Amino acid sequence: MTSPLNPADLGRRLGAGLLSFPVTHFGPDDLSFDERAYCAHVERLSAYKVGGLFAAGGTGEFFSLTPSEVERVVTAAVQSAPKNMPVLAPAGCGTATAVEFAASAERSGADGILLFPPYLTDMSQEGLARHVEAVCRATSLGVVVYSRANAVYTAETLDRLAMACPNLIGYKDGVGDLEAMARIHGRLGDRLTYIGGLPTAETFAVPYLELGATTYSSAIFNFLPEFALDFYDAVRERRRDTVLRHLNDFVLPYTAIRDRARGYGVSIVKAGMSAVGRPAGPVRPPLTDLTPGEHEALARLIEKLPAHLRQ
């Protein structure tokens, strides 16, 4: 096992390419972790030019995995990815549990941590800052905070954390507040790597690039890696016509299917895996899978793409 990247190098690597958030494969009947299929999936995705791989993240159903399963999934990702591919592990729930997840990430050989919101509680910015500080103190790995749900960071809180926590390297936005994003980047500049993290991040990729978010997490990359990379390149190269064509031909109709039921952000990705002949099993409760009709609608949408973007 190689030594993890230092936090500064990890931040630079993540900001320089599309980010991969692989689904977690489950058996079709018992919903147990299908390690063999997952490893093959990680190997396939890692063959593409991406900035990093986030194992057992939101798209990987972190919320439905036990702590021991998270460590098993992250370890499998580390062992399956090329040695030069940054791998990040999740941490979340309460502060003490998040600290334990950080220790698990180090045992697994991960290069960094994606810190999810604390579980089901309201908190002040002071409490949120203490939560992040505790996790950053507990590990030498680079930490990316995920701003969403009950953990929405202000520019002032992030500024405080950036000064107090040298290993805080990134800010992933799952809210979509462009004014807040402008305030954060305006205040912190290049101190952090900024990541677009909405459920289908492609929809915000263009405005976020202008506000300093050079990369984003692509769930679509799981089943349409060529399309996802073509879209990312078009955004970075400011090829507006290509971006608009991809949005209108696939991304926006895709989100229309996603929005038919709550929780479909992950379910539709696993449906996409099945549609391209690479099934990853069902989602775990409390999520629900797409209906047969919705599966068919997604498959038809994928089939309309040019052949070279369906590989």
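Modeller: We will go label by label, starting with the strands. Keep in mind that this is a predicted model.

Biologist: How do you know that strand 3 and strand 4 pair?

Modeller: Two strands pair if DSSP finds at least two bridges between them. Strand 3 (residues 87–91) and strand 4 (residues 112–115) are joined by four bridges, so they meet that cut-off. They run parallel. Leucine 88 faces glycine 112 of strand 4.

Biologist: What do the strands form as a set?

Modeller: Eight strands form a closed barrel in the order 1-2-3-4-5-6-7-8, with parallel pairing. Helix 7 packs on the sheet and touches strand 6 (168–173) and strand 7 (193–196). The direction of helix 7 makes about 165 degrees with that of strand 7.

Biologist: Which residues bring helix 6 and helix 7 into contact?

Modeller: Contact means heavy atoms within 4.5 Å. In helix 6, Ala155, Glu156, Leu158, Asp159 and Ala162 meet Arg183, Ile184, Arg187 and Leu188 of helix 7. By class, that contact has five nonpolar, no polar and four charged residues.

Biologist: Is the crossing of helix 6 and helix 7 left-handed or right-handed?

Modeller: Right-handed. The helices pack at about 30 degrees, with axes 9 Å apart.

Biologist: What makes up the contact of helix 9 with helix 10, by class?

Modeller: Helix 9 (residues 225–236) and helix 10 (residues 240–258) pack at about 145 degrees. Their crossing is left-handed. Phe227 and Phe231 of helix 9 are among the contact residues, as are Leu247 and Phe250 of helix 10. Phe and Leu count as nonpolar. The contact divides into eight nonpolar, two polar and one charged.

Terms used: Residues are numbered from 1 along each chain as its sequence is written. This is a predicted model: local features need pLDDT of at least 70, side-chain atom pairs count only at pLDDT 80 or more; totals for chains, interfaces and linings use all residues. Side-chain values use heavy atoms; hydrogens and water are left out. Axes are lines fitted to C-alpha atoms, for helices over the stretch in contact, and angles run from 0 to 180 degrees between N-to-C directions. Helices (H or I, at least four residues) and strands (E, at least two) are DSSP runs, numbered from the N terminus. A crossing is left-handed if the near helix is turned anticlockwise from the far one by less than a right angle, and right-handed if clockwise.
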